[in-house]
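Here's a quick briefing to keep open beside the structure. Skim the lead first, then pick whichever topic you need.

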Amino acid sequence: MLMLLALARMNNKGVYAMKKSTIWLLTIIMACTFIGLLYVQIMYMENMIKMRNEQFSEVVKRSLYGVSNTLEQDETKHYLEEDLERLSNFYTDFSSSRSKSFEYSLKSSDGSSDFRIKGTLNAINQEGSDNIKDLSDSYSNMQRVLKGQYLYQQGILNEVILNMLAQSSNRPIEERADSAVVRKYLAVELESNGLDLPFDFALVNRNGAVVYQSANYRPEENGNVYSQVVFPNDPVNKMNYLRVTFPTKNDYIFSSIKFMIPSFAFSFILLAVFLYTIILAFRQKKLTEMKNDFINNMTHEFKTPISTISLAAQMLNDDSVRKSGMMMQHISTVINDETKRLRFQVEKVLQMSMFDRQKATLKLQEIDANAAIANVVNTYKIKVEKYGGKITSSLDAEDSIVNVDEMHFTNVIFNLLDNAVKYRREDVALELGVSTRNVGERLEIVISDNGIGIKKEDQKKIFEKFFRVSTGNRHDVKGFGLGLAYVHKMIVELKGDIRVESELGVGSKFIITLPLLK
């Protein structure tokens with residue numbers, strides 16, 4: 001942050017004084033810092049999501065196991081109730097048989113004695129007291145017999161239980177795990193484990209065929225599917241699986257990392273501010289360097305007209321020159337031309353301040369565009385002829401009265417002509433053309449040349465500030481990428497439009513349209 005504040009508070013002098021390498025160093029350091037910060041935040045978020053997913057899966061698996069265990073208990077309860085019912089029927093039958101006559105005999109293990117009981121149970125109970133003494137001798141032998149019978153019956157009982165478990169899988173799965181009961185158990189288990197989310201479920205067999213499912217069960221849409229064997233003790237070929245999906249799982253997972261969103265937002269805002277500050281620093285540095293170069297160039301450019309005017313003033317002090325009318329006319333023309341040239345250079349300096357203001361201050365007035373353009377062409381003709389070229393004008397617009405700022409309007413024409421001279425071809429003589437015509441209620445001004453032309457990909461950028469068209473191996477073209485940007489800004493301020501038509505190696509044509517004075 002301290003580096004950001006330092007960059008943001010730099011004035012033009014500070015930016016210019018700071019080396020470009022220093023700015024790049026600060027940029028790299030801050031970029032690495034931001035990358036590291038974002039990496040840590042992303043890794044933390046991924047770990048949080050992974051941990052929440054694992055917790056979620058653990059809770060669901062525990063709940064599904066609870067449902068399966070409860071269903072098994074229900075089935076055991078079902079068989080126990082059936083056994084109790086059969087046992088109840090047995091006692092009922094036994095009570096009714098007490099009045100029936102029966103005969104029971106018991107022999108000792110060695111066959112030496114024989115015990116026999118005959119009659120009804122009621123009669124036997126009544127006579128039991130009389131026969132207790134007779135039975136006492138045979139009691140120990142009968143006790144051994146009953147113990148053997150008990151062990152035999154215990155083995156039979158274990159065999160019955162195993163048969164019950166084996167035959168339970170033959171019951172229809174819809175009876176063993178009713179859908180309403182399964183839904184109820186699932187809701188209870190999930191809620192008891194702290195997971196109160198809507199869910200959908202289905203019961204499928206070993207082959208994946210659906211036995212039944214809830215109305216909104218869409219595993220392909222809801223993502224992860226959690227599965228659990230319903231009755232683990234069933235044979236493999238008869239196993240069934242309970243599958244559950246959670247439509248709002250992602251919302252539940254990401255709700256736990258909502259606090260990270262402001263952190264990411266602040267990081268990106270800080271990154272955007274940093275990038276803007278760096279871009280601004282480079283732009284200010286470039287603009288400051290351009291201004292210094294511009295002043296140096298202007299100082300050189302001012303020397304020629306000032307020297308010429310100074311020389312003309314000295315000639316006016318000569319009596320012989322003052323007596324010659326032709327000489328006076330010539331000196332007057334030279335002073336006038338050099339004054340215009342000096343004025344043009346001064347206006348170029350003023351153009352630099354145009355880009356520090358959002359809106360230009362214009363002094364609009366009615367002028368004849370044909371006359372203003374003719375004056376510019378006459379003034380610029382000397383420079384064109386200096387390079388062995390020529391400039392022609394066809395000012396054919398019948399209505400050429402426009403409401404513009406005369407100074408900026410003439411500067412626009414000067415800039416376009418100056419660009420044509422700068423980007424001339426060395427192998428052919430320079431030819432410039434300026435023409436006007438009426439197009440509806442607008443005035444069209446065309447400035448054409450036979451220069452090096454502009455590439456198609458560059459034609460969209462030439463009106464951007466600081467953009468300069470590449471001139472290949474030529475190093476004599478000086479500029480700051482502001483001329484055409486200034487032209488575009490002025491034409492837009494004057495409610496007009498400007499476009500370019502150019503072909504590389506053939507020449508360029510700038511077309512300006514301005515509204516006529518109504």
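First thing to know: this is a predicted model. The chain runs to 518 residues, and 34% of them count as buried. Among contacts with a separation of 6 or more, 71% link residues 24 or more positions apart.

**The four-strand sheet**

- This open sheet has its strands in the order S4-S3-S6-S5, with antiparallel pairing.
- S4 (210-213) and S5 (226-229) sit at the edges with a single partner strand each, so one side of each has no neighbour in the sheet.
- On average, neighbouring strands here are turned by 20° against each other, ignoring direction.
- S3 (residues 200-205) and S4 run antiparallel and are joined by three bridges; in that pairing, Ala202 sits opposite Gln213 of S4.
- Helix H6 (residues 179-192) packs on this sheet and touches S3, S4 and S6 (240-245). The direction of H6 makes about 130° with that of S3.

**The five-strand sheet**

- Here the order is S8-S10-S11-S13-S12, again an open sheet, and the pairing is mixed.
- The edge strands are S8 (390-395) and S12; each has a single partner strand, so one side of each is left without a neighbour in the sheet.
- The twist from one strand to the next averages 15°.
- S8 pairs with S10 (residues 431-439) in the parallel sense, over six bridges. Ser394 has Ser435 in S10 as its bridge partner.
- Helix H13 (residues 406-422) packs on the sheet and touches S8, S10, S11 (442-449) and S13. Its direction makes about 25° with that of S11.
- H15 also packs on the sheet, where it touches S12 and S13. The angle between the directions of H15 and S12 is about 140°.

**The S7 and S9 pair**

- S7 (residues 365-368) and S9 run antiparallel, joined by four bridges.
- Ile367 has Val402 in S9 as its bridge partner.
- S9 (residues 401-404) has a covered face made up of Val402 and Val404, while Ile401 and Asn403 are on the uncovered one.
- For background, side chains in a regular strand alternate between the two faces of the sheet.

**Helix H12**

- H12 covers residues 369-386, which is 18 residues, and reaches 26 Å from its first C-alpha to its last. That is close to the 26 Å expected at 1.5 Å a residue.
- There's a kink in H12 of about 40°, centred on Tyr380.
- Tyr380 is also one of the buried residues of this helix; the others are Ala369, Asn370, Ala372, Ile373, Val376, Val377, Thr379 and Val384.
- At the start of H12, a side-chain oxygen of Asp368 comes to within 3.0 Å of the backbone nitrogen of Asn370.
- Just after the helix, Gly388 takes a positive phi of about 75°.

**Ser508, in strand S13**

- Ser508 is found in S13 (residues 507-515).
- With a relative accessible area of 6%, Ser508 counts as buried because the cut-off is under 20%.
- The side chain of Ser508 makes a polar contact of 2.8 Å with the side chain of Ser502.
- Setting aside neighbours within four places in sequence, Ser508 is in contact with Ile447, Ser448, Asp449, Gly453, Ile454, Glu501 and Ser502.

**Lys495, in a loop**

- Lys495 lies in the loop between H15 (483-493) and S12 (497-503).
- Phi of Lys495 is near 65°, a positive value in a residue other than glycine.
- Its relative accessible area is 62%, so Lys495 is exposed, the cut-off being over 50%.

**Met45, in helix H3**

- Met45 lies in H3, which takes in residues 20-96.
- At a relative accessible area of 23%, Met45 is partly exposed.
- Leaving out neighbours within four places in sequence, Met45 is in contact with Ile257, Met260 and Phe264.
- Met45 and Phe254 are 209 residues apart in sequence, and their C-alpha atoms are 9.6 Å apart in space.

How values were computed:
Residues numbered from 1 in each chain as written. Predicted model: local features only at pLDDT ≥ 70, side-chain atom pairs only at ≥ 80, totals over all residues. Heavy atoms only, no water. Helix = DSSP H or I, 4+ residues; strand = E, 2+ residues; numbered from the N terminus. Expected span 1.5 Å × (residues − 1). Bend = angle between axes of the 7 residues up to and from the residue. Buried < 20%, exposed > 50% of the residue type's maximum accessible area, 1.4 Å probe, protein only. Polar contact = N/O pair within 3.5 Å; in protein donor to acceptor, adjacent residues only side chain to side chain. Pairing = 2+ DSSP bridges. Axes fitted to C-alpha atoms, helices over the stretch in contact; angles between N-to-C directions. Contact = heavy atoms within 4.5 Å.
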